[in-house]
Amino acid sequence: MSGGRTAIVLTGGGARGAYQAGAVLAIAEITRQRVLPFPVLAGSSAGSISAAYLASRADEFPAAARDLADLWTTLSAHDVYRTDSPTIAKTAAVWLADLSLGGWIGPGHGIALLDTSPLRVLLDRHFDARALGHQVAAGRVHGIGITATNYESGNAVTFFEGASSIEPWNRVTRVGTRQRIEVRHVLASAAIPLFFPAVDIDGAWYADGCIRLVTPLSPAIRLGGDRVIAVAVRAAAPAPRPLSSQHPSPAATAGMLLDALFLDALEADIERTERINHTLSLVPAALIEGHFTALHPVSVLLLRPSVDPAALVLRVIERIPAPVRHLFLGLGASEQAGWDLLSYLAFDGTYTSRLLDLGYEDTIARAEEIERFLEER
């Protein structure tokens, strides 16, 4: 492979984003590079938090990786959403009124099940948009894309900041638009539907970036990456769920939908990329060079958990704040069901620390493979 840039793709997963932070920490130790070794970053949902943070500190990669790990392992639920009883009770009452009164007092008062105002405070404290601009100007970040879903159009919109050579794009259900990356973009990208409120960006409402991003590798490739490290948050072999003759609970249903929302697209896109690579290998170079579309192979390295994150969450159920735990219990989450839903929303240091350690250990175990991948040219 000649030239090119390395990209990292960090997709969604709520609290599972701690696994990605562990993988990044291991990469920092493996590479021993002072500057971020992937000048292209693409984040969606929880992955947008880590991507934006790393890009803003591209000139001090080892320290940034350590601090990102600390951020994820010290997170608690009240750092992400309000967990006090009055707030939870008010939210539940508003939703109950909306459902039972049929809009008699006006529809749509139940904005979301959880109030994420603490997350905005957290991001304001840890993400420096001006520093990110400096990293781009210095050339240490070629491009960063944060993807969110536009409620009106249904498009996956990638807000990007980077080199002037990067062109906006407009594809079927996928749009890339140049903007200065700010906290609002990260909040929008991480706004899990129903659970987290939508975010207003320039008069349009946005939700989680994974909803319509059926090609998660695409933003990284559009931003100039042709070697992509993709960090998934689902194990190759998920832990078996208890068999039950009961009708699936809302928690089980929500967990299944979040699995589909966050996890399926990445694996499918990697398969599609590998198939395109194989097809290109069969085409004469002269035809590829003369094609009106720039065609080139894209190398992908997938990092993924060796243990199902949902199985790890069972150990922290009792540590979730009581009002929030009662809300989840009301949805049917328990030790017997609803693991997947909890694994996305259980922001607790015990759980995220275990996930981060898993991400670190899984990645360190592939150190030689990662070194070879990053050395490809």
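**Salt bridges and a covered strand**

The structure holds 10 salt bridges, a salt bridge being a side-chain nitrogen of Lys or Arg within 4 Å of a carboxyl oxygen of Asp or Glu. This is a predicted model, in which local features need pLDDT of at least 70 and side-chain atom pairs count only at pLDDT 80 or more, while totals for chains, interfaces and linings use all residues. Residues are numbered from 1 along each chain as its sequence is written, and side-chain values use heavy atoms, with hydrogens and water left out.

Side chains of opposite charge can pair when their charged atoms come close. Another salt bridge joins D202 and R184 (3.1 Å, N to O). D202 lies in the loop between β7 (199–201) and β8 (204–207) and R184 in helix α8 (residues 183–189), so this pair ties together parts that are 18 residues apart in sequence. Helices (H or I, at least four residues) and strands (E, at least two) are DSSP runs, numbered from the N terminus.

Strand β4 (residues 156–162) is mostly covered, with 7 of its 7 residues buried; buried means under 20% relative accessible area, exposed over 50%, and partly exposed in between (1.4 Å probe, protein chains only). In a regular strand the side chains alternate between the two faces of the sheet. Both faces of β4 are covered.

Two strands pair if DSSP finds at least two bridges between them. Strand β3 (residues 143–150) pairs with β4 in the antiparallel sense over 7 bridges, and G145 stands opposite F160 in β4. Strand β6 (residues 174–178) runs parallel to β4, joined by 5 bridges.
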